Amino acid sequence: MDLQKHAQPQDAAPRGTAVRTSELRASDADRDRVADMLREALAEGRLDAAEHAERVEGVLAAKTVGELDVFVRDLPAGHRGRDTGAPAPGRPTAGAIPAEPDENVVAVFSSAVRKGRWRANRRIHAYAVFGSVEIDLSEAVFEYQQVVIKAFSVFGSVEVRVPENVSVRGAGGCVLGSFEVHTLDSTEPDAPVIYVDGWAVLGSVEARPKRGKVVADILERVHRRVEKGLRKHL
C-alpha cells in the first residue's frame, strides 16, 4: 500500500470555521512521536526494513496530524491512549493543594535533575534561568492523586517526563519560546493526574510521557479494591 498517496495535504479550512484535530499542522514533536512508533514496530517485526524506510520518509514530509496518523493506523502503538476511560478530575479546587510549593527545583546557569525513585509532592515549582531542569516522574511514588508542577523558563528549559498510564493536563504560555504539554487520559480512575502550568520566555517547557514507563502501583490499587469488594460479598 502506498501510504503517501493517502496522506495528501488538505485545503486550509475557511476563515471562521472550526479546524478538526486531523487538520492541525504537525509539529516536529508530532513527527518524532510517530517515528518512535515506527521504530518500535520495526523492532517488534511488524514492519520490515523497506516498509519502515517508506513510512519514515512519509512522516518527514507530512504537514498535518491527519497525515501522520495514516502511517501508524494499522499498528497497535497508533491506538494507545485513544480508549476513552474515566475522565480525569478537574482542576484542583481552592485549598486542595497548598499555594506554596512543597519543593523547588532551581537551575540558574546550571542544571537540576529530579529522577529515580522519589516521592512526588503535591506542588512542585521549577525555575530554569539560563539553565535546564529535568523532572522525571516515571519511577516516582505518588502519594497524592493530583500533582501540580509550575514551570518557569527564562533562556532555559524545563522538561517533565511522566509514566504512560497517568493523566496529564497543561495550561501555560510562551514569549519567543515554546510551551508544549502532551495531554494524556488514563483509563484508570485511580491514576495520578499531573498538571503542568507556567511560562517560557525565550526558553521551553515540555511535558510528555516516557515510553515504556508505567505507575506499577495502580494495578496493585485495583487488585486491593477488587479484593475488598469480594470480601464484602463473602
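Predicted model: local features only at pLDDT ≥ 70, side-chain atom pairs only at ≥ 80, totals over all residues.

**Nonpolar cores**

Leaving aside neighbours within four places in sequence, Ile194 is in contact with Leu137, Phe142, Val147, Ile149, Val162, Val166, Ser167, Val168 and Arg169.

- The largest nonpolar core has 28 residues, of which Val133, Leu137 and Ile194 touch the most other members.
- Two or more residues of this core come from each of β1 (103-108), β4 (123-129), β5 (132-136), β7, β8 (157-162), β11 (193-201) and β12 (204-209).
- A second, separate core is made of 12 residues, including Ala26, Met37, Ala62 and Phe71.

**Ser153**

- Ser153 is found in strand β7, which spans residues 146-154, and Ser153 counts as buried because its relative accessibility is 1%, under the 20% cut-off.
- The side chain of Ser153 reaches the backbone nitrogen of Ser204 at 3.3 Å, while a polar atom of that side chain lies 3.4 Å from the backbone nitrogen of Ser157.
- Not counting residues up to four places away in sequence, Ser153 touches Ala128, Val158, Trp199, Ala200, Val201, Gly203, Ser204 and Val205.

**Nonpolar surface patch**

- A nonpolar surface patch of about 1100 Å² is made by Val106, Val108, Phe109, Tyr127, Phe130, Val154, Phe155, Val175, Leu176, Trp199, Val201 and Leu202, with β1 and β11 each supplying at least two of the patch residues.
- Phe155, one of the patch residues, is found in the loop between β7 and β8, and Phe155 counts as partly exposed because its relative accessibility is 42%.

Conventions:
Residues numbered from 1 in each chain as written. Heavy atoms only, no water. Helix = DSSP H or I, 4+ residues; strand = E, 2+ residues; numbered from the N terminus. Buried < 20%, exposed > 50% of the residue type's maximum accessible area, 1.4 Å probe, protein only. Polar contact = N/O pair within 3.5 Å; in protein donor to acceptor, adjacent residues only side chain to side chain. Contact = heavy atoms within 4.5 Å. Core = buried A, V, L, I, M, F, W, Y, C linked by side-chain atoms within 4.5 Å. Patch = residues over 30% accessible without salt bridge, like charges linked within 9 Å, V, L, I, M, F, W, Y side chains within 5 Å. Areas by Shrake-Rupley, 256 points an atom, 1.4 Å probe, with all protein chains shown as cover. Salt bridge = Lys/Arg side-chain N within 4 Å of Asp/Glu carboxyl O.
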